[in-house]
Structures are given as C-alpha cells and as structure tokens.
Amino acid sequence: MLRRPSCLSPELPLPAETTRTYRMIHEHRLRFKTLFMVFLMVVCANIGDLLLKRGMTQIGAVHLSLEGLQHTLLATILNGTIWLAIFFLLGFTVCYMTAVSWADYSYVMPAGAFGYATQTLLAVLVLHEAVTLKRWIGVFIICFGVMLVGQTKPNTTNTQQAPS
Amino acid sequence: MIKVILMLAVLICCSTGGEIAMTYGMKRVGELKDFHPRSILRFLGRAIQSAWVWLAIPLMAASFYSLLILLSWAPISLVIPASAFNYVAGALGAKYLLKEDLTLKRWLGVTLVFLGVLLVVATG
C-alpha cells in the first residue's frame, strides 16, 4: 500500500497528477504481486499433481471394496511422496487465499488456467510426450486469454485504495 | 442422463460457490501486507477464524467428490470439458455476487480461457 509523503500536510489534497501517478504505481504493484502469486499457484499445483500421480502409481490401483479402501488409506498415509504432494497442494491453497485477499476472483481464476500451458510444456520438455496441434492451439488461446485478463485492473471492488 | 446433468450442476455450483465464498472470506480477512513468516502465520490465523473460509472448504470438498462420482458415471470426455464451464460460472458469480467490475476485455479473456481449456482437455 502506498503512503502519502510525510512532508505533505494531511489536510492538503494531493495534486491530480500525483494522485494519478500514485494510482498507476499502486495498480502496477498489485498486478505484479498478483501475477507472481498466480505463478506460484500454478507451480505448486503442477508439482503437487505430478507427485500425487507418482505416489498413487507407487501404491497401485485402488480396489473398490472395504478391504481395498482400508489398504489404500493406510498406504497413502505411509507414502512420503503423497505427503510431499499434500505439502505442495497446501502451498497452492495458501497462494490462492493470498491472491484473492487483494485481487478480484475473476482476475485470479482465469489467470490460474495458465497451468494448462505449463502442464503441456512440462509434458513436452520433461516427459517427451507428443502434443497435437489442436492442443497447442488450445494452449495459445489460453495464453492469449490470460494475457487479456492480466491487462485489466486486478482489483475492481475497491477494498484497497491508493491514497487520494 | 438426468442424474449426470444434475451432478454436473452440483459440481459447478459447489466449485464456483466454494471459490466465491473463499474470495469473500479472504477479502474480509484483509490483504497480506508482507511475506515475513510471522505475518503469513498471522494472516492464516485470521483466515481460519473466518466463517466464510469454513463454508468454502466443504463446498470445495463436495465439488471434488462430485467430480469423482461423475467420472464413475460418465466418460471423461464429457465430464472434464463440462467442468470448464466453471470459468463462465465463476465470472458470473464474480459479477453478481462479489460485485466485481467485469470489463469487456476481461469477459473476452475469460471466454478465450474457457475455449482454450475446452480444446486442451478435448485432446487430453
């Protein structure tokens, strides 16, 4: 949050130009920290999902019987990879809670879809999977949509105001 | 088919409702001022005292379980693209419940994200 310079009397209104500049700086900072938090959300969610998949592969297929479910529950509690996955997914939740504490939900939610793009990139770079043209087009459209949303004002509900 | 449509409605309502309740709760909790560990702990402490956050958690859990139920009832090629409607429902919820100002640019962005997600999951 930006503060009024101490050399200015609190009774005096700030000049319009200064107020505009303050608002612009405030908006830039808000946008930067929100997009940084969304980036952390995406990283935590992707790593968490990957670890969850690895952990569940280590445990094996779940059998839908009382005995099977008991065995799976015990195996998940004793599996270190699953705990690491839970740690990253908790990190995702905390980042999400932090981001929506200062930015609009309609700003954070679509920006989080950037995860689909990073998932596709990870699939190509790490897992050496073949990705279809249709999927690349989808990723491009998501990135374009996220870019458009990213250019809008991060907070429109005026819960945090720049100094006026 | 009717039970699949009903469960899809439950999924979208719980998922969007949970996220909107979480956003509303976090807005009331107040923003995180700095990233000092003590500030983060204090922030999380305030968050867990919010009734809205506690309303959001079971709604999000219900959306997760309704997704699992749907996956056991209907093909993934139907369930996952349908769940992409969350983006549209979320934008509507943000506008009418959270009173956010959705400009044309943001609507366009949300629509493109929705279409892109549809394409990505359709090829997944």
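Predicted model: local features only at pLDDT ≥ 70, side-chain atom pairs only at ≥ 80, totals over all residues.
Trainee: OK, how many helices and strands does chain A have?

Mentor: Chain A has 6 helices and 0 strands, where helices (H or I, at least four residues) and strands (E, at least two) are DSSP runs numbered from the N terminus. Buried residues make up 30% of the 164 residues in this chain.

Trainee: And how far does helix 1 of chain A reach?

Mentor: Its 44 residues, 16–59, span 63 Å from first C-alpha to last, close to the 64 Å expected (1.5 Å times one less than the number of residues). Helix 1 is followed by A:Gly60, which has a positive phi, near 100°.

Trainee: Which residues of helix 1 are buried, and what do they pack against?

Mentor: The buried ones are A:Leu30, A:Thr34, A:Met37, A:Val38, A:Met41, A:Val42, A:Cys44, A:Ala45, A:Gly48 and A:Leu51. They pack against helix 3 (80–102), helix 4 (105–111) and helix 5 (114–125) of chain A, contact meaning C-beta atoms within 7 Å.

Trainee: At what angle do helix 1 and helix 5 of chain A pack?

Mentor: The angle is about 50°, with the axes 10 Å apart, the axes being lines fitted to C-alpha atoms over the stretch in contact and the angles running from 0 to 180 degrees between N-to-C directions. That makes helix 1 of chain A oblique to helix 5 of chain A, since angles under 35 degrees count as roughly parallel, over 145 as roughly antiparallel, 65 to 115 as roughly perpendicular and the rest as oblique.

Trainee: Which residues meet there?

Mentor: From helix 1 of chain A come A:Val38, A:Val42, A:Ala45 and A:Asn46, and they meet A:Phe114, A:Gly115, A:Thr118, A:Gln119 and A:Leu122 in helix 5 of chain A.

Trainee: Changing topic, how many residues does each chain give to the contact between chains A and B?

Mentor: Chain B gives 35 residues and chain A gives 32. On the chain B side, helix 6 of chain B gives the most, with 13 residues.

Conventions
Residues numbered from 1 in each chain as written. Chains lettered and ligands numbered in written order. Buried ≥ 20, exposed ≤ 12 C-beta atoms within 10 Å, placed from the backbone. Contact = placed C-beta atoms within 7 Å.
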